[in-house]
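Good morning, colleagues. I would like to take a few minutes to go through one structure with you. Please look at the sequence and the model as I bring them up.

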Amino acid sequence: MSERKVLNKYYPPDFDPSKIPKLKLPKDRQYVVRLMAPFNMRCKTCGEYIYKGKKFNARKETVQNEVYLGLPIFRFYIKCTRCLAEITFKTDPENTDYTMEHGATRNFQAEKLLEEEEKRVQKEREDEELNNPMKVLENRTKDSKLEMEVLENLQELKDLNQRQAHVDFEAMLRQHRLSEEERQQQEQEEDERETAALVEEARNQRLLEDSDSEDDTAPAPSRPATRPNPTDILEEAPKAKRKVESWERSIGTLGNRTQLSGLVVVRKTDLDRGSQPGQKAPGPAPPHNRWKAADPVPRVPGASSLSQLGAYSDSEDSSGSN
């Protein structure tokens, strides 16, 4: 079995290449090639811009009956990316460029048009000089005159530059330094003004806040003192008297010994009752005392309140022991 990829093919001894049939292809045969747009163009149908470098699958063919110095000229067919209109352009080996045929207009070719116009004028002039010797003399005179004018203008420009060339660099530096100092001073003054304005604004804000806080914490305005009524003194005395009476009714008078002694009750024995048959039973406690004696007895003459209190406590102890 032979190899699939080989460098040499086997030709039999009786091989005759002239017997191989040749394909008869048309001369205007078209090939599909991949290319990029050679220049910026705009579609005439829809106005779509096609920029230089955009890739297309184009059809290529050889232009019949057009040759430049033995070099064939090729034509390319592309389609607009928006409306699919056909656009054609061909090679231009004379100018090493491409020329637009139909379907679009080329953009940004003002320089190319100017160059073409200059070439056309130059060609017409050469044709005139070729058949008319006097025209050659006139053109040479015009050229020399134009050259002299250009030289004069150039000399004037040189003189003007030399007159303006005497510049005092020290003065320029001094002026620049002064202008820089003035600019810095102006910036410093502006900064100071802005700082002062900010400080003033902060002070005013603080004063407003302080005034608001004082207004919030200010006491209510005091009422004007009313003038005393001359008859109020007559009402004050009964009020004080009533207060004293209510105190005595609830607590009793502390300075009166007899009223304090009424709080203490002395328990009497049978012997004491028999020794004093003619003595009357003590009456009820005074109405102004809140505490009433359970078994009121008359006060023993010659005995103090403290002695009666002691006797009362002894009687309580004895009763508790019994």
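Which residues in α1 meet which residues in α2? Arg-125, Glu-128, Glu-129 and Asn-131 in α1 meet Pro-133, Lys-135, Val-136, Asn-139 and Asp-143 in α2, where contact means heavy atoms within 4.5 Å. By class, this contact has two nonpolar, two polar and five charged residues; Ala, Val, Leu, Ile, Met, Phe, Trp, Tyr, Cys and Pro count as nonpolar, Asp, Glu, Lys and Arg as charged, and the others, Gly among them, as polar.

A word on the basis. This is a predicted model, in which local features need pLDDT of at least 70 and side-chain atom pairs count only at pLDDT 80 or more, while totals for chains, interfaces and linings use all residues. Residues are numbered from 1 along each chain as its sequence is written, and side-chain values use heavy atoms, with hydrogens and water left out. Helices (H or I, at least four residues) and strands (E, at least two) are DSSP runs numbered from the N terminus.

To return to the helices: the axes of α1 (residues 110-131) and α2 (residues 133-163) come within 5 Å and cross at roughly 130°. Those axes are lines fitted to C-alpha atoms over the stretch in contact, with angles from 0 to 180 degrees between N-to-C directions. The two helices are therefore oblique to each other, given that angles under 35 degrees count as roughly parallel, over 145 as roughly antiparallel, 65 to 115 as roughly perpendicular and the rest as oblique.

Now the strands, which pair if DSSP finds at least two bridges between them. Strand β5 (residues 71-79) runs antiparallel to β6, joined by five bridges, and Lys-79 stands opposite Glu-86. In their hairpin, with six residues between the strands, Leu-84 takes a positive phi near 60°. On to β7 (residues 97-102): β6 pairs with β7 in the antiparallel sense, over five bridges, and Thr-91 stands opposite Tyr-98. Four residues lie between β6 and β7, and Thr-96 in that turn has a positive phi of about 50°.

Is β6 (residues 86-92) mostly covered or mostly uncovered? Six of its seven residues are buried, meaning under 20% relative accessible area with a 1.4 Å probe, protein chains only.

Finally, the largest nonpolar core has 15 residues, and Leu-35, Met-41, Ile-50, Ile-78, Ile-87 and Phe-89 touch the most other members. Such a core is a set of buried Ala, Val, Leu, Ile, Met, Phe, Trp, Tyr and Cys residues joined through side-chain atoms within 4.5 Å.

Definitions and conventions. Buried < 20%, exposed > 50% of the residue type's maximum accessible area, 1.4 Å probe, protein only.
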